[in-house]
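Hi,

Here is the model I promised to pass on.

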Amino acid sequence: ATGRTYTPENTAKYENLVRVTFASKYPDHVPIDTAVSLTIRAFFKIPESWPKYKKQEARDGRTMKTSKPDIDNIIKSVCDGLNGVAWTDDARIAMISASKFYSDQPRVVVIITYDEEEPDGGN
């Protein structure tokens, strides 16, 4: 082993897309330096091959996505893409909730919650 980590090209491109999208939407954002909670909701295209009833179940949120990509990979890509941009360091992330759904509008929604000041002064 070389002790190096390898990020696949598509993953690196996605992390960069996350970073650029955030930076363009929030150009004056100063990275958060307090505890951060994340909610990540990933919405994927409903397969064309599915019958109408199954597509409707997916639209209604009754069918969760249980195929790839793995949810931990989605979390890692979002966190790596926003590290140093949305918050100062990944260590600031104290809680994560993540889910995968189907939708007619594929997207990833990231909700960042934080306190302006930590009650314990960051200790």
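Of the contacts in the protein between residues at least 6 apart in sequence, 86% join residues at least 24 apart, where contact means heavy atoms within 4.5 Å. Before the details, a word on the source: this is a predicted model, in which local features need pLDDT of at least 70 and side-chain atom pairs count only at pLDDT 80 or more, while totals for chains, interfaces and linings use all residues. Residues are numbered from 1 along each chain as its sequence is written, and side-chain values use heavy atoms, with hydrogens and water left out.

The protein has three helices and three strands, and along the sequence they follow the pattern α-β-α-α-β-β. Helices (H or I, at least four residues) and strands (E, at least two) are DSSP runs, numbered from the N terminus. Buried residues make up 26% of the 123 residues; buried means under 20% relative accessible area, exposed over 50%, and partly exposed in between (1.4 Å probe, protein chains only).

Two strands count as paired if DSSP finds at least two bridges between them. Strand 1 (residues 36-45) and strand 2 are parallel, with ten bridges; in that pairing Ile40 stands opposite Ala98 and Phe43 opposite Phe101. Strand 1 and strand 3 run antiparallel and are joined by eight bridges, and Arg41 has Val109 of strand 3 as its bridge partner.

What about Ser103, buried or exposed? Ser103 sits in strand 2 and is buried, with a relative accessible area of 12%. Leaving out residues up to four places away in sequence, Ser103 touches Phe43, Phe44, Lys45 and Ile46.

On to the helices. Glu15, Val18 and Phe22 are the buried residues to look at in helix 1. They cover an arc of only 55 degrees around the axis, so they lie on the same side of helix 1 (the arc is that of the directions from the helix axis to the C-beta atoms). An α-helix has 3.6 residues a turn, so residues three or four places apart point the same way. On the other side of helix 1, Glu9, Asn10, Lys13 and Ser24 are exposed. Helix 3 (71-82) and strand 3 (107-114) are among what covers the buried residues of helix 1. Leu17, also in helix 1, is partly exposed at 49% relative accessible area.

Helix 3 has twelve residues and reaches 17 Å from first to last C-alpha, close to the expected 16 Å.

Which residues have the most contacts inside the largest nonpolar core? They are Leu38, Leu82 and Trp87, in a core of 15 residues. By nonpolar core I mean a set of buried Ala, Val, Leu, Ile, Met, Phe, Trp, Tyr and Cys residues joined through side-chain atoms within 4.5 Å. Helix 1, strand 1 and helix 3 each supply at least two residues of this core. Beyond its neighbours within four places in sequence, Leu38 is in contact with residues including Cys79, Trp87, Ile93, Met95 and Val110.

Two backbone details to finish. The peptide bond from Lys68 to Pro69 is cis, with omega near 5 degrees, and Pro69 lies in the loop between helix 2 (52-59) and helix 3. Gly84, which follows helix 3, has a positive phi near 85 degrees.

Cheers

Note on methods:
The expected span of a helix is 1.5 Å times one less than its number of residues.
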